[in-house]
Amino acid sequence: MNVESISSFAENTSCNSVLNKKDEHFIISTCRRNTNMTMTPNHNALKNPDESTEDTDAEEKLLVVYFRSGKIGAAYYVLQTGELFILEEIVDRPPEFQMFSNLFRQVEPFMILLDGKNQSSFVQLVKTIVFKNDANDLGRCKLVFLSAKEYNYEACKRRILNLSLPREPPHCTEEERTLFLRTVVDFSQTQTVHSLGALLRYLDLHWSSLNVGLHNNPQFLSLRTISLRDIVTIDDDTYRGLQIFSTISHPSNFKRGVQGSNREGLSLFHLFSRCCSKVGQSKMRVLMQHPSRDIAELRRRQEVVAYFLRSQNDPLMRNICSALRFIRNVNGILAKVKALSAKPYQWKSLYNTLYNAVLICEMCENAGKSSSFLEQLASCDNKKLYEMALYMNRIIDFDQSKTEGKFTVKSGVDPELDRKKRTMASLHGLMSETAKVELERLPSFIEECSMLYMPHLGYLLAVKVWDGMGAREELPGLKFMFQNNEFVHYKSKGCEELDVMIGDTYPEIVAHETRIMMRLTAVLLEHLHTLASVIDNCAMLDCLIAISKTSKEFGYTQPTLVETKSISIKQGKHPLHMTTCEAFVPNDFESNEQVGCVKILTGPNSSGKSVYMKQIGLIVYLAHIGSFVPADSAVIGIVSHIFTRMQSTECIAAHMSAFLIDLRQMALVLQESTSSSLVLVDEFGKGTARRDGAALLAAALGAVLARARRPHVLLATHFLQLHHYIAPSPLLTFLTFDHVMRDGSPVFLYRARTGVAGAGLARHAAAGLGAPALRRADLLARCLQNNDLPPANEQITSKLRSRVEIVKKLILKDII
């Protein structure tokens with residue numbers, strides 16, 4: 001750097017800003033005349049003022065979906081962590097496309113890419129889902145259409161074969177790489193290949209606009225396959241109706257829709273949100289959005305929950321929870337490590353994750369015999385993880401790294417690096433002696449001078465501005481460099497000698513430590529697959545421990561899972577209602593081919609019909625995520641779908657009334673339900689004329705009963721004469737809820753029994769309308785029952801007569 005460029009730099013930069021620059025290291029030694037020489041401390045500008053201990057929790061996911069020939073394929077990429085996921089090709093049927101709906105809920109993408117040439121009903125449904133979520137989340141998800149050529153199969157296949165993954169064998173040939181990728185991606189699943197290829201193409205073209213970090217290219221740290229083949233299909237209406245999730249938006253319009261501004265209300269997810277780690281919390285949401293039909297996997301989860309329910313295992317559970325607090329999703333950290341942009345606290349987080357993952361695996365060794373899942377976690381290859389943690393502990397000086405704000409290597413790791421650091425440490429004394437010598441050479445009117453080291457500029461002599469100094473004034477034997485505020489910087493003979501003898505020691509140290517960091521990064525990426533697998537298992541363990549805590553607090557019991565078509569619940573309770581009610585009344589439920597699989601609930605308003613239905617749905621749902629259930633005992637047959645018609649969420653964008661929404665939900669039940677489905681219907685037909693509603697409900701029930709293989713159906717209605725319109729069947733059972741009358745008012749017992757309700761007692765539930773309105777309602781009810789015209793309301797007619805007389809008088813007055 002020449003004098004002119006240095007001067008130009010100095011004129012545009014203040015001294016304080018230079019000394020606080022994050023990437024530079026300064027050493028200043030000061031000497032004064034007629035006083036003892038003083039040496040200022042090391043001014044280290046590597047401290048990161050905005051260092052935080054946590055990265056943002058928000059994950060932006062880019063989803064590509066391809067639908068052809070009745071099959072759906074998908075791939076998505078997590079921008080923050082570099083994780084790549086592909087969906088196994090699966091059949092998805094119109095018009096509901098429930099598999100895509102399930103995928104959308106699990107992924108929660110910020111952008112969806114579709115084939116611009118495809119304008120089928122699938123695209124219309126995607127638009128409906130995205131726009132409906134936009135109305136709630138203020139444009140959280142974007143919809144982008146790609147050119148059809150981006151989905152060309154051969155082009156997509158070539159992009160996948162050029163994909164570089166950390167898991168691939170080292171020093172492999174092109175043929176070996178191709179063979180490795182064929183073991184990861186099934187190229188016979190054409191829709192999946194189309195989706196993954198289009199995703200890779202979009203990332204290559206738009207990475208600069210998507211990425212806000214320092215990476216020049218997208219990082220692919222893992223490629224994993226997800227499957228929806230075992231999922232229990234549940235639609236959005238069911239999730240809302242059963243209160244499995246209940247998101248509450250921020251009350252402020254300024255914060256509504258902002259990432260992280262929403263919170264979870266009273267819901268099943270809120271009840272089970274007791275995970276110790278953030279990866280566990282994220283896993284819990286995925287777990288509850290993916291209820292499984294895999295009975296072997298569900299039993300494995302039950303084994304873990306049962307193990308941690310035992311009191312003698314509480315100390316182990318507390319120790320595991322203490323270690324789980326440090327487990328993080330390290331893919332995002334490793335992406336920054338690979339790009340050489342990781343901060344010291346991220347290295348520390350990576351080390352803590354490695355160390356505690358090994359600790360959890362070791363703690364599970366004693367418990368391995370009680371659960372196959374714990375045995376799998378205990379038998380993982382934690383030797384590699386231990387070696388990775390050991391390398392990091394022996395190489396990285398975490399305390400010094402935090403102080404200096406950069407990757408710092410411990411002493412004793414590299415002799416050459418230690419020599420450079422010793423040289424760097426001796427600069428204080430050497431520069432102090434040089435400053436003393438230079439002060440003797442300076443004119444007597446200069447009382448003080450400082451020796452300053454600046455990377456890439458070398459050693460400089462700083463002199464405070466004196467009275468009468470002209471612009472760029474030269475001193476004897478010194479070469480003017482630049483002036484900052486009240487200090488003038490020169491190049492002296494002593495500075496030139498230090499440049500020759502020592503040179504830029506600090507940049508050399510940084511480069512040396514960077515080379516060591518790159519070798520350590522290579523070791524970490526080599527065992528990335530093992531680390532990712534262990535972290536995923538730790539996240540699942542965190543979820544199962546959270547389930548065991550909830551089950552223990554509320555006295556849940558282990559359900560028996562069977563493959564047969566049977567649901568038997570003894571003394572079941574509503575998991576949410578029992579947390580807000582001091583004395584909840586439990587009820588039984590039985591549904592199979594012997595006792596009947598279609599139940600019709602009748603009873604007065606507020607007698608407990610809806611709560612009873614929801615508790616059955618939630619107990620069945622909890623059994624399908626591997627949880628224990630709120631009941632004395634339960635035998636749950638595996639179901640494939642859970643359908644509900646409970647609440648109608650009206651939306652202007654839907655262009656449907658509440659009754660049309662009810663019809664759509666009921667049509668979905670009739671079209672998609674199978675013999676292994678659970679159907680919950682609450683007061684279908686109430687949105688239209690009473691006769692029409694009862695007729696539609698009776699026809700729908702008749703269609704279900706006429707099937708050879710009927711689903712489990714639980715239906716609540718106020719059409720008390722419905723049994724007259726349905727042919728008697730051994731598969732159909734009517735249930736009602738008991739109540740007793742005291743002082744003319746009903747007292748509900750909340751007990752389900754066989755039978756049909758005699759009256760709806762709507763009049764007693766409407767006490768808030770006031771006595772005059774209730775008396776009039778009683779009169780109208782009697783007239784309707786006798787098929788008579790109701791008498792006029794004297795109160796209203798008298799008021800009308802008085803108003804008419806007043807009007808007549810005013811008219812006559814005007815005429816006269």
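## Cavities in the model

Two cavities of 30 Å³ or more are counted. A cavity is a set of points on a 1 Å grid over the protein atoms alone, where a 1.4 Å probe fits but cannot get out. Grid points are joined across faces, edges and corners, and a volume is the space filled by probe spheres set on the points.

This is a predicted model: local features need pLDDT of at least 70, side-chain atom pairs count only at pLDDT 80 or more, and totals for chains, interfaces and linings use all residues. Residues are numbered from 1 along each chain as its sequence is written, and side-chain values use heavy atoms, leaving out hydrogens and water.

## The largest cavity

The largest cavity holds about 50 Å³ of space. Lining residues have an atom within 4 Å of a point. Here they are Met666, Val669, Val679, Val681, Ala700, Leu701, Val704, Pro711, Val713 and Leu715.

Four elements each supply at least two lining residues: helix H25 (658–672), strand E21 (677–682), helix H26 (690–705) and strand E22 (712–716). Helices (H or I, at least four residues) and strands (E, at least two) are DSSP runs, numbered from the N terminus. H26 gives the largest share, three residues.

## The second largest cavity

About 40 Å³ of space lies here. Val65, Tyr66, Phe67, Arg68, Leu114, Asp115, Asn118, Phe122 and Val123 form the lining of the second largest cavity. Strand E2 (61–68), strand E5 (111–115) and helix H4 (121–137) each give two or more of its residues.

E2 provides the largest share, four residues. By class, this lining has six nonpolar, one polar and two charged residues.

Key
1 Å grid on protein atoms, 1.4 Å probe; cavity = no way out; pocket = protein on both sides within 12 Å on 5 of 7 lines; lining within 4 Å. Nonpolar A, V, L, I, M, F, W, Y, C, P; charged D, E, K, R; others polar.
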